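Work through the exercises below with the sequence and the structure at hand. Each task is followed by a solution in steps.

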Amino acid sequence: MWLWGSMTAAGTLPSATLQGVDTVIRLADLASQSIFAARLEQLRGRCVVLAPSDQLTAALALIELDGVARRVVLCPPGLPDEHLVLVAKEANADACVADSAVPDMSRLGVESIGLPEPRVLAGDVDRRCSHASEWILLTSGTTGAPKLVLHSLASLTSAFARQPRSSETTVWSTFYDIRRYGGLQVLLRALHAGSMVLSSADEPVPDFLARAGAATVTHISGTPSHWRRALMSGAAGRIAPRNVRLSGEIADQAILDSLRAAYPGATVAHAFASTEAGVAFEVGDGAAGFPAALIGAPGAVELKIEEGTLRIRSAGNAVRYLGDPAPRLKSDDGFVDTGDRVEQRDGRYYFMGRSGGVINVGGLKVHPEEVEAVINSHPWVRMSLVKARRSPITGAVVTAEVVPADAVVGQAERPANEQLTHEITELCQRVLAAHKVPAMIRIVPALAMSAAGKLVRPNA
Amino acid sequence: MSVRSTITSLFEDVAREQGRRLSPLSDDLKLLQSGLDSLSFALIVARLEDSLGFDPFDSAEAVTFPVTFGDFIRLYESHPR
């Protein structure tokens, strides 16, 4: 089955809409019209990098390209040009769809296909399915360059394909961007069950909530950080959802209780999902963590714990990584290691953070090594250790411990600690995304090293 | 230094470091209209924990999330030391 086919089969299409900040698209209009118009046939059978500047265009392009393109690579917002080129190369792309300037990739055999006036449906279009399209999602890698994760429509929809269809009208929304796994899940659910209100990074939270409220949103999801922001906006009461969902970060008891108090009529549930492992489970009992009985239980999603981290095997798992050589996604027995550490207390498992020191800031992953490489490029830095500090606002913030160099050739005197931390912060701000910049930098005389001469990382 | 003046100067420091334009601070200023983002608030809360020795958000009970600058200050002022 392809996306357009399963959307039309779901039966909700005639009244369904996709709502951007200032544009509403009736999904039924897509039966005969297209944002690509005649260009859609040029994309048939090709490997397409999809890099539009807004979520609505991305969503429409996904609906149109599934079953048409051989492979669709979905770029997250803010992907730097040099990464776009790397991704196009790694995915063997031969076309790039964008509505703003992208680097010239013709020497890689990638044709740029512009979307001059996005979101305008026009022309006559053939919605025939000719390819089982591969979906490529990007996730952050250790070096800063993204990793390419291969999914299929079947793996992306497996979490809800087996659920019975609700007869009630549903309007979905999410604080997430639909160009990342969490948001894409919501989009795909909505396309099979009702309408959707898309968020926008440029839109103030109260405005988004007012728009979602006006559209009578019934199901809405976000990270605990998104929800804390919504509660701090003073506009949380603009929506009255039936279903409030959290995922992408550890949901602590305080945020679960606060949401139950804010939305007394709603089911508040937190879910576990990742780009690689897919959707694993949803916890609806109002308590943080998850019941220990889920581990080892038979079912469509199998969970186990090995070396302290949660492992998942299900039809929702990604198929594999792309790349040459491609990193390994699954162990021999077919389980995906989520890298999330869990600990059992009183019949429940609790999430304890990520293995390998990976830091989750408001749902976005930060690899300490990437930040350390930037800090270490300062001439007065000998070495550094980047780690997480727990935060009630964003789940975690990035902190750094820095060992300064004793002497630098050609430079007389070491800057004072305050000056050095200031310079390192400026350097990081220039090179790294805001959530990766250390919130606090401490100058230390030395860092602990293991016997093998590696930095000792907490929980690594 | 009072809790209020500690918090006020931290808002100013963090805004400067993060390159954000801080709105004039008054008790009825909405936090999300202060010019600071979530990351800035995360920074402020972490530094307050270091200087005051507690984090009022870290509670087993449901936290009433502050909406205005005045709420934010009261959350810290009313916390048992």
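A polar contact is a pair of N or O atoms within 3.5 Å; within protein, one must be able to donate a hydrogen and the other to accept it. The model used here is predicted.

**Exercise 1.** Find how many residue pairs are in polar contact between chain A and chain B, and describe the side of chain A that touches chain B.

Solution. 
1. Counting pairs with both residues at pLDDT 80 or more gives 6 residue pairs in polar contact between chain A and chain B.
2. On the side of chain A that touches chain B, the elements giving two or more residues are α8 (224-232), α9 (253-262) and β23 (381-391) of chain A.
3. Sorted by class, this side of chain A holds 12 nonpolar, 7 polar and 5 charged residues.

**Exercise 2.** State how much area chain A and chain B bury between them, and which residues of chain A lose the most.

Solution. 
1. Start with the contacts: 24 residues of chain A touch 26 residues of chain B.
2. The two chains bury about 2,100 Å² between them, and carbon and sulfur atoms account for 66% of it.
3. In chain A, the most area is lost to chain B by A:Met232, A:Arg389 and A:Ile393, which together make up 28% of what that side buries.

**Exercise 3.** Which elements each supply at least two residues of the lining of the second largest pocket?

Solution. 
1. The volume of this second largest pocket is about 370 Å³.
2. Its lining has 15 residues; nearest the centre lie A:Thr421, A:His422, A:Thr425, B:Glu17 and B:Arg47.
3. The elements asked for are α11 (417-431) and β25 (440-443) of chain A, and α1 (3-17) of chain B.
4. Of the lining, α11(A) gives the most, with 6 residues.
5. By class, the lining has 5 nonpolar, 5 polar and 5 charged residues.

**Exercise 4.** Describe the backbone at A:Pro325 and at A:Asn92.

Solution. 
1. A:Asp324 and A:Pro325 are joined by a cis peptide bond, with omega about 0°.
2. A:Pro325 sits in the loop between β18 (320-321) and β19 (336-345) of chain A.
3. A:Asn92, a residue other than glycine, has a positive phi, near 55°.
4. The loop that holds A:Asn92 runs between α4 (81-90) and β5 (95-98) of chain A.

Technical notes: Residues numbered from 1 in each chain as written. Chains lettered and ligands numbered in written order. Predicted model: local features only at pLDDT ≥ 70, side-chain atom pairs only at ≥ 80, totals over all residues. Heavy atoms only, no water. 1 Å grid on protein atoms, 1.4 Å probe; cavity = no way out; pocket = protein on both sides within 12 Å on 5 of 7 lines; lining within 4 Å. Points joined across faces, edges and corners; volume = space filled by probe spheres on them. Helix = DSSP H or I, 4+ residues; strand = E, 2+ residues; numbered from the N terminus. Nonpolar A, V, L, I, M, F, W, Y, C, P; charged D, E, K, R; others polar. Contact = heavy atoms within 4.5 Å. Buried area = accessible area lost by both parts, 1.4 Å probe. Polar contact = N/O pair within 3.5 Å; in protein donor to acceptor, adjacent residues only side chain to side chain.
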